[in-house]
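Subject: The model, and some notes on it

Hi there,

Here is the structure I said I would pass on. My notes on it follow just below.

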Amino acid sequence: MNRDTTAETLLEARDLHTWFELRQWGFLRAGHVRAVDGVNFALRRGEAVAFVGESGCGKSSLARTLLGLHRPTRGEVVFEGGHLEALDKRGLKTYRARVGYVQQDPYGALPPFMDVGRILSEPLIIHGVRDRETRQARVRAALEEVRLTPAESYLSKFPHQLSGGQQQRVVIARALVLEPSMIIADEPVSMLDASVRVEILRLLRNIQVERGLTLAFITHDLSTVRHFAERIFVMYGGRIVEQAEVNELLDHPQHPYTQALLAAIPDPDPDNADREHAVPGGEPPSLANPPPGCRFHPRCPEAMAGLCDRDEPPDFEPRPVHLSACWLHR
Amino acid sequence: MTQPALLRVENLRLAYRTGRGVVRAVDGVDFDLRRGEALVLLGESGCGKSSLAKALLRLLPRNVQAHEGRVWLDDTDILALPEERFRRDVQWLRISMVMQAAMNALNPVVRVGEQVAEPLMVHRGWSRAKAMERAAEVFALVGVSTDFLGRYPFELSGGMRQRVVLAMSLVTEPDLVILDEPTSALDVLTQAGIMNVLKRIKRELNTSFILITHDVSTSSEIADRVALMYAGQIVELADARHFFTEPAHPYSQMLMASVPRLHQPDPPQHIPGQPPDLLDPPAGCRYAPRCPKRFGRCDEMPDSITVGERHHVRCWLHGAGP
Amino acid sequence: MRRWLEGLKQLRRYPSAVLGMLLILFLVGLSVYTVVAIPYSQALDLWRGGDHWRMHPVNASPVWADRLRGGDLPETQIISSDEVTARVQEFPGGRRLQIPLGFDYQSSAFPSELNLFLRVHDTERPPFVRFIWQAPDGSEQVIGGRRVARDERVSISQDWGLERRLGHVPHVGLMMDPGSGNPSQPEVLTGIHTMLLDVVMFDEAGSVSADLVVYGRVHGIAGTDHQRRDLMVALMWGTPVALAFGLIAAVGTTVTTLVIAAMGVWFRGWVDATIQRLTEVNMILPMLPILVMVGTLYSTSIWLMLGVVVALGIFSAGIKMYRAMLLPIREAPYIEAAKAYGAGDARIILRYMVPRVLPVLIPTFVTLIPTFVFLEASLAVLGLGDPVLPTWGKVLNDAQEQSALYNGFYYWVVSPAALLMLTGLGFAMLGFALDRVFNPRLRSL
Ligand SMILES: Nc1ncnc2c1ncn2[C@@H]1O[C@H](COP(=O)(O)OP(=O)(O)OP(=O)(O)O)[C@@H](O)[C@H]1O
Ligand SMILES: Nc1ncnc2c1ncn2[C@@H]1O[C@H](COP(=O)(O)OP(=O)(O)OP(=O)(O)O)[C@@H](O)[C@H]1O
Ligand SMILES: [Mg+2]
Ligand SMILES: [Mg+2]
């Protein structure tokens, strides 16, 4: 792949697996949920990427693994050249200051018994910013950065006194207050009202561009990614099935799953009412017991018997800088 | 083609009593709906969509302060009916509803087939066997294998549960089905599948729908008519084609511009500001504080102004001069 | 903070809460007053008994208890020689003093005892004192005479010779109406009785002072016990002790239990398993017998008992309850967020998990206070009370040992019991109201 060699790699996932043990009756081992099952990618400093996929395909598990909240079962996460697994307690703490986390449910992500000022000070206190004045100044700066102005009027508010959009801004401010070099946002707008989604996404994107942050943005909504990310990774059943630059992927989807996904997304068009979408039947695969071969083959309209149901497809490059894990491109 | 309306709503109001004051969740709503038509009720969270549906079906919480207006179903005012007659003759049999998050409210210990058959046994007095037979038919209609009749809710995926809930609302063959946010919690593919089912049912059974959603793109999948709600009022009521291509109200225009589209070169816009507090809404046009086209007259509450055939807008821009 | 204030404001809407708070306020006020008015060391000293109480009657009931029944039982009268004028007769080498200790006696019941306390000052040579009783009807009775060396207590009521002479215990015999019909049921001769001290001093300088104590049958608000101690001391000092014990035990157990439960929930694995097993074992261990054992074998100091109560209370059924409340909180996104920005285990437990359930615990905690107050009282009743501290339980214990109820000393049992019940009632009423405010789900019930 002829990547832009000037851009430095910030974070890399190498053959990453995160499996959860399934237990029966509390103690018997009953196999694994393969939430992340062999994922490879590299994020460059300052780029915004989107991970797209259906519910339960392992997006959040991937995010948590990258954040060091889950230990990978196999493979490794490399951040700025250092291996995450090799970090000691101190190193891990430093890493956590370098990577911000924005969760899906803004209300749940904020401790209900702390006011905004306290919520934003917490990371600073934890990372040893002793001086009150400094903390106050940084908290205020973070609030202003997420356009919660005047900052003073928000400092003593409690989460339940804020609207969903404002809550999510506070969450974003909290992710920014330690001045990280990367932000992982796990479906940052899916719990918000449609009318504020765009606003929050633009805010995130603007901050990312201004600060030169790396943004990993997880979503299940392909219609928003074009304007808020530069590259897309499409996930299915714990794997990345297709990856490319945004416009390339949206305009020339290669993997049958991506094609189905794109076909299912309506634009607000009155003609929609007259046509039905081609929707692949069936359900997303069980991660505890994934189908052999290509994970999509049971639902795939183009599945080739004897191949797709037997062998896992490797990444092919049907178009330049556009990877797709499908035997069609063989 | 003029056709008598199946449902005509006149000046419907619903207000809740709360610790901080009276919340006027539905504040003077008028619309009509013809047989076989699908009306999409669009609006931001908290603008009163669910309250409107509950007001229609008289499913009221205890803290209701006012519930008034007229709702004509064919020629009877169903709000004036005695409670008991309404429950017996109208609910389920003429109008059924899928509540918001109903798929998570299925009874966890009763097989889904029986839950679907239950309205028939209760409201129609059918025998169990006959009701189960009908339940199987409806399962097929909504695209759930009849093998699933004997399963429990937790054995089904979200999409399947939503279909079961849909089946429940269709089993009595009502004239009107109200769906409150039926797909918001579902994946794109699942959502598309359910929208396909709705389209098919509408075509085959000529059922009328009121679909409540805040997702403009999804609403375009089924809408014949669109009613856009803002702070307890319908600010624009129009044919879907008009609404999606040339919306008349400034709020509708901004809303359409804020919808992310897959194949659109420009990024979507956002609507600045926040919806008003329903405890204390502005005296004039409720959208005025956020409206870029605001002018002097907006301090007055706009009437519902007719701008075309079955097209009404609450905005002075379309009004005759003062 | 604001939420708490809101909650407190809401409390005003519950009359029971207001009443409960008033009760608690009264108890707290009483405690503060007591601690200021009778300092700790003084209270201990008083409660040890002895000379402080020599002028108090034995087992006198409270005044109000008698007056409510329409009685006129006498209160104690102390007649001091300082308040009367003595007649002085000089003679060579000495003086003769006549000190009339007169008092007006109007009650229809006899006093419970008569004592005379004599003090001799500034003389090497003990004076000779004769005691003469002058009744209102003019009759005189010589009780006796003796040399008085230093300070001396003349127990008139214990004078066996006099008793034999009068045919009644002296305090009855001296004060009865000789004309009353039935000698076995003597009646009081009301009017001014005088104890005349006829003192002969063999010295120019010295002097004698005396207090005649006519012990009553009723005393103060609380009455007295078998050691003449005013029960008021114990009732008053029992309040701060009970409140402090209840509060410390309740805070100690709830907070520690909560923190331990949170640790189990957070660390899971063997930590959780250990805590669970400890709890299960502890739950089937009966608390009272263990306390009795500790008290019997080791020490009954209230602080030790408090320690044992808290220690045993920590691994209580509460742990299971808190665990159930904390388990979902462990999975809350804000906890995950805290971990993701680097919060350590201790911080997550103390700052993120515990505060979340604290409001829910306040009602439990308030209702828990009286339980510990009762526990302390029960221990004292069982004879395992703190040996030196005056407490409600000690009063009950003394009452029981002296068979108070059998002897008709109801007040001895009723007042500490009433205070215990008031405490229980106050905290219970407040606790239930708090429960409704902080756990709104109950409100509709
Ligand atoms: N801690 C865990 N223990 C066991 N299984 C887990 C755990 N976390 C996630 N899983 C399982 O892993 C799979 C992937 O979950 P994940 O939350 O990563 O999906 P997702 O793509 O984020 O879905 P969604 O869109 O619903 O958030 C699911 O089947 C889930 O049940
Ligand atoms: N029982 C109630 N008592 C008091 N206020 C209520 C009650 N139910 C709803 N409300 C208020 O009425 C307003 C409208 O609520 P409603 O549920 O109808 O909105 P909605 O448009 O359906 O929103 P959403 O998209 O979030 O479902 C909101 O401000 C809500 O807080
Ligand atoms: Mg997720
Ligand atoms: Mg709703």
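First, a term you will meet throughout: a residue is called buried when its relative accessible area is under 20%, exposed when that area is over 50%, and partly exposed in between, using a 1.4 Å probe and the protein chains only.

Some housekeeping. This is a predicted model, in which local features need pLDDT of at least 70 and side-chain atom pairs count only at pLDDT 80 or more, while totals for chains, interfaces and linings use all residues. Residues are numbered from 1 along each chain as its sequence is written, chains are lettered from A and ligands numbered from 1 in the order in which they are written, and side-chain values use heavy atoms, with hydrogens and water left out.

**Cysteines**

How many disulfides are there over all chains? The count is zero, where a disulfide is a pair of cysteine sulfur atoms within 2.5 Å. For Cys326(A), the closest cysteine sulfur belongs to Cys300(A) and is 6.0 Å away, too far for a bond.

**The magnesium site**

Ligand 4, a magnesium ion, is coordinated by OG of Ser50(B) and OE1 of Gln100(B), at 1.9 to 2.2 Å. Donors here are N, O and S atoms within 2.8 Å of the metal (3.2 Å for Na, K and Ca), and water is not among the atoms, so the site may look incomplete. The two residues are 50 apart in the chain: Ser50(B) sits in helix α1 (residues 49–57), Gln100(B) in the loop between β6 (95–98) and α3 (112–124). Helices (H or I, at least four residues) and strands (E, at least two) are DSSP runs, numbered from the N terminus. Ser50(B) is buried at 17%, whereas Gln100(B) is partly exposed at 44%.

**Where chains A and C meet**

In this interface, 25 residues of chain A are in contact (heavy atoms within 4.5 Å) with 16 residues of chain C. About 1900 Å² is buried between the two chains, with carbon and sulfur atoms giving 57%; buried area is the accessible area (1.4 Å probe) that two parts lose on being put together, summed over both. On the chain A side, Arg96(A), Phe113(A) and Ile126(A) lose the most area to chain C, together 26% of what that side buries.

Enjoy looking around!
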